[in-house]
Amino acid sequence: MKWFLLRRLGGALFVLLALSVVVYAAFYVAPGNVAQIACGPRCSPAQVAQVSEQLHLGDPLYMQYGHFLQGLFAGRDYSTGTGVLHCQAPCLGLSYQSDQQVTELILAKLPATASLAVGAFVLWMLLGVGTGLLSVWRRGRLTERVLTWITLAGMATPVFVIGLLLIIVLVTALQILPFPDYVPLTEDPDQWAWNLLLPWISLALVSAAPYARMTRAAMMETLAEDHVRTFRAYGVGERALVGRHALRGALAPVIALGALDIGSMFGGAVLTESLFGIPGVGRELVDAVKHVDLPVVVGLVLVTGFFVVLANAVADILQAMADRRVVLA
């Protein structure tokens with residue numbers, strides 16, 4: 001297990017380094033006047049020259065990337081025209097719209113996105129895995145066919161359609177839930193959960209469908225293995241086979257899919273945050289793209305990649321705990 005963890009840690013660090021190279025090349029080594037693109041169309045020639053100096057665009061490419069990495073690991077200084085501003089590590093640059101450090105801007109928006117991601121993740125895992133288990137347990141019956149139709153409908157329905165329907169029914173018609181007005185967890189935990197319940201349900205209904213189908217497929221494959229047939233021959237009940245013995249072996253693909261989804265969610269659920277007015281990372285990304293705020297876009301892409309890599313590393317560890325054969329692979 002120790003060597004397995006070291007290999008996964010080394011692989012994660014290599015992927016993060018490769019991601020930084022790709023992101024830097026995609027945004028800062030692109031054709032055209034990068035300083036003009038980063039500063040925006042309304043910048044004066046003096047402002048464009050200042051941005052070009054801050055980005056060290058006159059240096060060779062390897063030195064430009066070196067300055068970029070220096071900001072991530074050691075921080076860097078930026079000229080403000082009247083003085084010098086030090087950006088502490090991990091420095092992702094300065095927003096050209098607000099002159100705020102991108103790291104601080106992302107950290108301010110991250111709690112709202114994390115609240116949305118974690119709550120929805122718990123709901124869709126419970127709903128998806130539970131639905132998959134129920135369809136396996138009731139396989140060959142009407143219950144399985146109904147659940148299959150429901151999961152197909154969930155996979156085919158966009159989240160904004162589900163969200164709008166829930167707003168019309170639960171908020172406008174029945175007035176059961178309020179329209180979400182994000183309240184930080186530290187201020188009022190009850191209002192925090194109550195106002196996020198509608199976005200959680202919307203994401204869970206859409207995202208649970210792939211988990212239900214994957215759980216069902218993995219469970220059916222596991223139930224056909226030799227050791228499960230041996231348990232059945234010894235008289236182990238179907239409920240115990242499905243819920244205790246087969247489930248553990250079927251969790252590996254579900255954990256892998258969950259890692260990708262939760263990592264991407266921390267990068268911002270753009271449609272959900274925009275629909276429900278949640279001041280998270282997704283809405284910030286939309287605003288940054290609209291205003292061509294290049295440092296913010298780059299920072300958010302890197303943060304999203306970091307969370308995806310981190311979530312996959314955690315998923316590898318959980319898979320190894322659920323199935324020791326993974327350690328030997």
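Where in the chain is the place of glutamine 175?

1. Glutamine 175 sits in the loop between α7 (159-173) and α8. Its phi is near 55 degrees, a positive value in a residue other than glycine. Glutamine 175 is exposed, at a relative accessible area of 64%; exposed means over 50%, buried under 20%, and partly exposed in between, with a 1.4 Å probe and protein chains only.

2. On the source: this is a predicted model, in which local features need pLDDT of at least 70 and side-chain atom pairs count only at pLDDT 80 or more, while totals for chains, interfaces and linings use all residues. Residues are numbered from 1 along each chain as its sequence is written, and side-chain values use heavy atoms, with hydrogens and water left out.

3. Confidence. The protein chain has a mean pLDDT of 81, with 90% of its residues at 70 or more; pLDDT is the predictor's confidence in each residue, from 0 to 100. Confidence is lowest in helix α2 (residues 34-39), with a mean of 67, and highest in helix α5 (residues 102-137), with 89.

4. Overall make-up. The protein chain has 13 helices and two strands, taken as DSSP runs (helices H or I, at least four residues; strands E, at least two) and numbered from the N terminus. Of its 329 residues, 42% count as buried. Among contacts (heavy atoms within 4.5 Å) between residues at least 6 apart in sequence, 63% join residues at least 24 apart. The chain exposes about 17,400 Å², and carbon and sulfur atoms supply 67% of that area; accessible areas come from the Shrake-Rupley method with a 1.4 Å probe, and for residues only the protein chains shown count as cover.

5. Nonpolar patch. Leu5, Phe306, Leu310, Val314, Ile317, Leu318 and Met321 make a nonpolar surface patch of about 580 Å². Patch residues have over 30% relative accessible area and no salt bridge; like charges are joined within 9 Å and nonpolar side chains (Val, Leu, Ile, Met, Phe, Trp, Tyr) within 5 Å. A salt bridge here is a side-chain nitrogen of Lys or Arg within 4 Å of a carboxyl oxygen of Asp or Glu. Helix α13 (residues 294-322) gives the largest share of the patch, six residues. Leucine 310 belongs to helix α13 and is partly exposed, at 41% relative accessible area.

6. Aromatic pairs. There are eight in the structure. Rings of Phe, Tyr and Trp (its six-membered ring) pair if their centres lie within 6.5 Å; planes under 30 degrees apart count as stacked, over 60 as edge-to-face and the rest as tilted. The ring centres of tryptophan 124 and tyrosine 211 are 6.1 Å apart and the planes stand at 35 degrees, so this pair is tilted. It links distant parts of the chain, with tryptophan 124 in helix α5 and tyrosine 211 in helix α8 (residues 189-223), 87 residues apart. Tryptophan 124 is buried at 1% relative accessibility, and tyrosine 211 is buried at 0%. Elsewhere, ring pairs link Tyr24, Tyr65 and Phe68 into a cluster.

7. Serine 202 lies in helix α8 and is buried, at 0% relative accessibility. Leaving aside residues up to four places away in sequence, serine 202 touches Val159, Ile162, Gly163, Leu166 and Phe276. Valine 281, in helix α12 (residues 281-290), is buried at 2%. Valine 281 and threonine 304 are 23 residues apart in sequence, and their C-alpha atoms are 9.6 Å apart.

8. Cis peptide. Alanine 89 and proline 90 are joined by a cis peptide bond with omega of about -5 degrees. Proline 90 is in the loop between β2 (84-87) and α5.
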